[in-house]
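Work through the exercises below with the structure open. Try each task before reading its solution.

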Amino acid sequence: MAQVRAALWGGEVSWPEAETDHLLTLHAQQGTGALVYPLVLTQSALSSYARAQMRTVCVHTMQQQVHLQHILTQSWQALTDAGVEPVLLKGAGLAALYPKPYYRAWGDIDLFVGKKHYHTACAAMRALFPDALKFDEELEHYKHYNLIADGVSIELHRVTVGLQHPLDERRYDAMEKYGMMHSEPLMENGLNIRVPEPTFNVLFVFLHAWEHMLSAGANMRQLCDLALLLSHYKDRIDAVRLHRWLMSIHLLDVWQVVEYILVKHLGLPAECQLYVSTVIADRAERLLADLLGGKMAEQKAAEGSSSAKQTNRFVRKWRTMQLRNENAKRIRQYSPSYARHMMATTWLHGALRFFAKDRHWE
């Protein structure tokens, strides 16, 4: 963590040679190699093995970004020509906040097109990349449509985040509309793109990281993104609005857990802090330890290890509810209040889906 902290805010990055194998594995898992390695390469005496590994990661990241930028430019032009006004999520928009854009690896392209222009956007991308792999159906209840063009995954988002509780979904929909209506321009490698309004972007990046924590797929790069967003837009984030948004979707407690990690372990400057609380210190430390140690993924794997594919609709839905309740119990150790909300949501969502048309493919 000290290496990531120094790379984010400036400072010498130490590299204990005796821990090389462990550190290379850790940074690969956490998605922070591209951030840390450029500084280590210029400041540390390294073995030829470690230096070669780091250079490979750095070169691959830069080459990949050139390719991604090319696909992004093509996609953006095709969508705007079709009358769609996309907004770039994550990826290049966040990379622009790093000391160097190639310090932030990104492997796919996420474009918000909204519900109104969803089908038009999907058709435009299929026309642009007729040979692309397509494995997501263009369905109204999906969060996004996905295709792979020239090795690059492109996600066209109807919505930015999928929430299960109807009230959460309705409230977040209003937040999303605000964030996209007030999206702002960003020049990215000569391409004029748009990114979400800063306060909403902070909320979205936080929610995206939390979604991954719920599915045990989070890493420290996502927390670095959030820290840099808070720093870069510190004078433009509406703290009152963000607080109200977090409260309305039951996530203020989770935010405080995550912000504690940003402050204590990633060195988020005092002027960028919002709702710091030390009451949640034990839960925050547990979350960080489980993220770094891979325990969240182990817990999630244990929950699903006994699940078998069921053809009976009612058995399948009951098993799904059981798995979601088990996930809520796992989350309780990090945020008891959100775990309770998850349990209530699971039962409500289960009841609503029980009487809905069967989606047998799920």
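**Exercise 1: a helix pair**

Task: find which residues of α11 meet which residues of α12 in this predicted model.

Solution. Start on α11: Asp-253, Val-257, Tyr-260, Ile-261 and Lys-264 make the contact. Their partners in α12 are Ala-281, Arg-283, Ala-284, Glu-285, Leu-287 and Leu-288. Next, sort the contact residues by class. Now take the geometry. Helix α11 spans residues 252-264 and helix α12 spans residues 281-293. Their axes come within 9 Å and cross at roughly 70°. Angles of 65 to 115 degrees count as roughly perpendicular, so α11 and α12 are roughly perpendicular to each other.

**Exercise 2: a second pair**

Task: work out how α1 and α3 are oriented to each other, and which residues meet.

Solution. Helix α1 covers residues 2-9, and helix α3 covers residues 33-43. The axes come within 9 Å and cross at roughly 80°. The two helices, α1 and α3, are therefore roughly perpendicular to each other. From α1, Gln-3, Val-4, Ala-7 and Leu-8 take part. They meet Leu-35, Val-36 and Leu-39 in α3. By class, this contact has 6 nonpolar residues, 1 polar and no charged.

**Exercise 3: a pocket**

Task: describe the lining of the second largest pocket.

Solution. Begin with volume: the second largest pocket holds about 400 Å³ of space. It is lined by 17 residues, and Phe-112, Val-113, Gly-114, His-117 and Met-180 are the closest to its centre. Then look for the main contributor. Helix α7 (residues 166-181) supplies the largest share of the lining, 5 residues. Finally, count by class: 5 nonpolar, 4 polar and 8 charged residues.

Notes
Residues are numbered from 1 along each chain as its sequence is written. This is a predicted model: local features need pLDDT of at least 70, side-chain atom pairs count only at pLDDT 80 or more; totals for chains, interfaces and linings use all residues. Side-chain values use heavy atoms; hydrogens and water are left out. Axes are lines fitted to C-alpha atoms, for helices over the stretch in contact, and angles run from 0 to 180 degrees between N-to-C directions. Helices (H or I, at least four residues) and strands (E, at least two) are DSSP runs, numbered from the N terminus. Angles under 35 degrees count as roughly parallel, over 145 as roughly antiparallel, 65 to 115 as roughly perpendicular and the rest as oblique. Contact means heavy atoms within 4.5 Å. Ala, Val, Leu, Ile, Met, Phe, Trp, Tyr, Cys and Pro count as nonpolar, Asp, Glu, Lys and Arg as charged, and the others, Gly among them, as polar. On a 1 Å grid over the protein atoms alone, a cavity is a set of points where a 1.4 Å probe fits but cannot get out, and a pocket is an open set with protein on both sides within 12 Å along at least five of seven lines; lining residues have an atom within 4 Å of a point. Grid points are joined across faces, edges and corners, and a volume is the space filled by probe spheres set on the points.
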